[in-house]
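Grab a pencil and have the model open in your viewer. Try each exercise yourself before you read its solution.

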Amino acid sequence: MNIDQHLDPSGLSLAPSPHFRNGITVRSLMLDVVIALLPATVAGIYFFGMDAALVTASAIGGALATEAGIARLRGEPISIRDGSALVTGLLLALCLPPGVPLWLPVVGAIFAIAVGKALFGGLGMNIFNPALVGRAFLVASFPTLMTTWRWPVGSGDWMAGEFDALSTATPLDLLRYEGVMTPLTDLFVGRVGGSLGETSVLALLLGAAYLLARGVIDWRIPTAYLGTVAVLAGLFGVNPLFHLFAGSLMLGAFYMATDYVSGAVTPGGRVVFGIGCGVLTMLIRIYGGYPEGVTFAILLMNAAVPLIERFTAPRRLGGGGESSAH
Amino acid sequence: MTAKTFRGGVHPPEFKELSHGHRIETLPAPERAVIPMIQHMGAPCEPTVQEGEEVDLGQVVGDIDAFVSSPVHASVSGVVESITESILPDGRKSPAVVIAADGSDRIADTVAPAGELDRLTPDEIRQAVRSAGIVGMGGAAFPAHVKYSPPPDSDVSIDTVIINGCECEPFLTCDHRVMLERAGEVIFGLRVIMRACGAERGIIGVEDNKPDAIEVLREEIGDAPLEVVPLQTKYPEGAEKQMILAITGREVPSGGLPLHVGVVVNNVSTSVAIARAIHTGMPCIERVVTVSGDVVENPKNLAVRVGTPIRNLLEAVGGFSEPPARIISGGPMMGLAIYDVDMPIVKASSGVVALSERLIPSPDEQPCIRCGRCVDVCPSFLMPLYLDVYPDESALDYHPLDCIECGSCVYACPANRQILARIRLAKSEAAARQR
């Protein structure tokens, strides 16, 4: 047997070990997040009408265009194929009021990608969750637009042309300013006022189950986050389920706090990060100037990540109890 | 009984079914054997024979007067054709003795049984193991006799000997076949090592994807006070420190050796080589090598003389079904990509694996997205992403010297970062600074 007919030594590639990969890529992870967000996106369109679809498209378009434009300015290959800008645009859209003028999601997306990500050095370098940076910028710059909520039409009445943009308040507003508790079933299904992708707990949990089953996100962050909120709600004398289902907690706990880049990489750090998000969310909800605190809770905890990681670094093997950090 | 394990690790596809059912076949001795002087960790040997000299099978052809070293032997009888330079799979160059075989396999008169095990002293066993040129055949090639010799100034005593039958590398099945077909020698080798170390506890650790090997070994042990411990099928279950942790709960201290926690670990093939050295006096001149891969025509487990060109093994398996994109000496997780199939098989060569383009990763790296998978899988509980920043100085603060180079972090990395390549560089700088 002469092996030389099939052997071209110059065709043999050399590379350091290992020579295997598990096949999971940045792109596949980002696409999994997009898939997981589809139920919430569809629920948003169902409840809030075609405008919600346009808001979503504007935010995604703004994010992709900004990402591509910045890559071009920097003379780098266009990086939108990795899917990260798509996720940022989609997440931003899902935490905007459904009826906003379409320039608003575009402005938010530009800020999210350009300032929230590119200014820090691009993918992997940003300290804060870019979508939440975009949202925080919009809340600070356009407070009225960002707190004008649309009534959920629900069964798709808008298709019959009976849709009119009745404005309403979110369940957290209603509790805070009017002492009204929204029924839990409405909260769970999503027939309440709020950001276009945050209202349906059911849709968000479906996607979360997908992400957990696929191993895309670590259970520690949402578990610690939601658990802390439930315990504190109980301590404050409010039905824990209300605080779990209301506002953007589900969206934040499963899709925002689990952002890889701006979160903690250590298992213990993820628990601490989740608990911190829960405490801050409840402090803002109960005592803060805004009825909802998820955005700022996560952004504040993002800033604490280096500190958290330092104190939660794993104990290295054979280190006599010493951590693997310095 | 639940299989033991450690925290972390990965589950690469095994591909063992390609070759695990194939009995060990003996590859004919090569016409020309190339015996490198570096086949072990420690001081390189120097040739002890001259060009033109006649040598017998099992005769020493290279040695050096150093404790951490191991002699090399003629794997064929014949005439020393030349003393030349050979390139090793890791790219280093090594002097090598080239022997033109005469085909007679005339055995050297130094090859003689060591005697009854019960009458041999630990020192005599260590001497016999050194003389036979036995090194760790799992891949590390650490001289075996050194493992059985605690530093004289320490109060270390070895109480446990573990034989490593994990074989957690994908594709490789040579240790599996050795356990099935040479179980008696595996057990006898374990007894020899226990006697050399004065250890009371003898354990064979086997991944639970080899239930037949576990059964055969248990049958062979019978009522003797030795144990077979099933371990979870997971990479790198066979890594020395991780295996010691899984089986004994002891942590080898950072920078330390297994004997610092009273343990010696040897591979099953090493155990067989030791059994032969005691039984017959034949030194380490042969080993079992798995030749496999998705483009290999008929994957096999071959008993091969040390010094046989890799080419001969590839011919024995019928060559390739399509051109390989990469040929690896060892397994795909820790093995070395080679570019020259005329390199010789050495004592630590466990496999030759030829892969198609479909199985090898793209060379393109993306930015780290801090997903934390490397932290989750690292079996040394390090934070590989912060080592990946090397040559940034901060990498040196994250304990690169504790990395065992298993590559689990790279395997799991969605950004395809060459984390381990950077850790190796960080390790050499950290080691240089320590000196």
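Predicted model: local features only at pLDDT ≥ 70, side-chain atom pairs only at ≥ 80, totals over all residues.

Residues are numbered from 1 along each chain as its sequence is written, while chains are lettered from A and ligands numbered from 1 in the order in which they are written.

**Exercise 1. Work out which elements of chain B touch chain A.**

Start with the head count: 63 residues of chain B are in contact with 41 residues of chain A (contact: C-beta atoms, placed from the backbone, within 7 Å). Next, look for elements giving two or more residues to chain B's side: these are α6 (240-248), α8 (310-316), β15 (326-329), β16 (336-338), α11 (408-412) and α12 (419-434) of chain B. Helices here are DSSP runs of H or I with at least four residues, strands are E runs of at least two, and both are numbered from the N terminus. Finally, sort that side by class: 41 nonpolar, 12 polar and 10 charged residues. Ala, Val, Leu, Ile, Met, Phe, Trp, Tyr, Cys and Pro count as nonpolar, Asp, Glu, Lys and Arg as charged, and the others, Gly among them, as polar.

**Exercise 2. Trace the open sheet of 6 strands in chain B.**

Walk across it and you get β1-β14-β13-β17-β15-β16, with mixed pairing (a pair needs at least two DSSP bridges). At the edges, β1 (25-26) and β16 of chain B each have a single partner strand, so one side of each has no neighbour in the sheet. Now zoom in on β13 (286-292) and β14 (300-305) of chain B: they run antiparallel, joined by 6 bridges.

**Exercise 3. Check the length of helix α7 of chain B, then ask how many of its residues are buried.**

The expected span is 1.5 Å times one less than the number of residues. As for burial, 11 of the 12 residues qualify (20 or more other C-beta atoms within 10 Å of a residue's own, with C-beta atoms placed from the backbone). Just past α7(B), Gly281(B) has a positive phi of about 80 degrees.

**Exercise 4. Find the buried residues of helix α6 (171-178) in chain A.**

They are Pro171(A), Leu172(A), Asp173(A) and Leu175(A). Their cover includes α7 (184-189) and α12 (267-287) of chain A. After α6(A) comes Gly179(A), with a positive phi near 65 degrees.

Methods. Contact = placed C-beta atoms within 7 Å.
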